[in-house]
Amino acid sequence: MRLIKERGIIEREPLFLFMLQKENRLLKEKEFQSVFQKGRGFYVKEIGAKCAPNGRDATRFGFSLSLKVSKKAVERNRVKRQLRAIVREAMPGIRGGYDCVFVVRPELRDLSFEEKKERVLAILKHLKLFKT
């Protein structure tokens, strides 16, 4: 979280400014299974994604990381936070009406944030999720 320092008073920005909005999150196992069964996918060496139409106005995202990515929850959570930040930043340009699950492979952990961002945006572009 970013701190704001004004006139000697330190304030924290509200946490919701850094989160992916609730309407843009996939949370339930049933929703993930539906995307894996019905969705079309695109994978690169480090990360892949499957997307399926959801019949809603909003596009929702989920992230799947196994223990192969890292045995440490701290490292897996860091990768998920970074991916959420990338998606949150790209949200204004993303079309509505899809459920998308990113499947992370162990190789992604070793990439810099900028390289992760390049991969994610390339996948979203390939799956034609950006508005024209």
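## Confidence in the model

The structure is a predicted model, and the average pLDDT of the protein is 89, with 86% of the residues scoring at least 70. Among the elements of the protein, the lowest mean pLDDT, 58, belongs to strand β1 (residues 3-6), whereas the highest, 97, belongs to strand β6 (residues 98-104).

## The sheet and its helix

Four strands make up an open sheet in the order β3-β4-β6-β5, and their pairing is mixed. Because β3 (40-43) and β5 (60-64) stand at the edges and each has a single partner strand, one side of each is left without a neighbour in the sheet. On average, neighbouring strands of this sheet are turned by 20 degrees against each other, when direction is ignored.

Strand β4 (residues 47-53) pairs with β6 in the antiparallel sense, over 7 bridges. If one looks for the bridge partner of K50 in β6, one finds V101. Helix α2 (residues 73-90) packs on the sheet, where it touches β4, β5 and β6, and the direction of the helix makes about 155 degrees with that of β5.

## A cluster of aromatic rings

A search of the whole structure finds 2 aromatic pairs. One of them is formed by F61 and F102, which are stacked, with 6.1 Å from centre to centre and 15 degrees between the planes. Since F61 lies in strand β5 and F102 in strand β6, this pair ties together parts that are 41 residues apart in sequence. Both residues can be followed into the interior of the protein by their accessibility: F61 has a relative accessibility of 1% and therefore counts as buried, the cut-off being under 20%, and F102, at 0%, counts as buried too.

How far apart are the ring centres of F63 and F102? Their centres are 5.7 Å apart and their planes stand at 10 degrees, so this pair is stacked. Here again the pair links distant parts of the chain, with F63 in strand β5 and F102 in strand β6, 39 residues apart. F63 is buried, as is F102, and the ring pairs link F61, F63 and F102 into a cluster.

## A serine in a loop

S70 has its place in the loop between β5 and α2. The side chains of S70 and E75 are joined by a polar contact of 2.7 Å, and, if neighbours within four places in sequence are left aside, S70 is in contact with E75, R76 and R109.

## Back to the tyrosine

Which residues does Y43 contact once its neighbours within four places in sequence are left aside? The contacts of Y43 are G48, A49, K50, V103 and R105. As for R105, this residue is 62 residues from Y43 in sequence, while the two are 9.9 Å apart in space, taken from C-alpha to C-alpha.

Technical notes
Residues numbered from 1 in each chain as written. Predicted model: local features only at pLDDT ≥ 70, side-chain atom pairs only at ≥ 80, totals over all residues. Heavy atoms only, no water. pLDDT = per-residue confidence, 0-100. Helix = DSSP H or I, 4+ residues; strand = E, 2+ residues; numbered from the N terminus. Pairing = 2+ DSSP bridges. Axes fitted to C-alpha atoms, helices over the stretch in contact; angles between N-to-C directions. Contact = heavy atoms within 4.5 Å. Phe/Tyr/Trp six-rings, centres within 6.5 Å; stacked < 30°, edge-to-face > 60°. Buried < 20%, exposed > 50% of the residue type's maximum accessible area, 1.4 Å probe, protein only. Polar contact = N/O pair within 3.5 Å; in protein donor to acceptor, adjacent residues only side chain to side chain.
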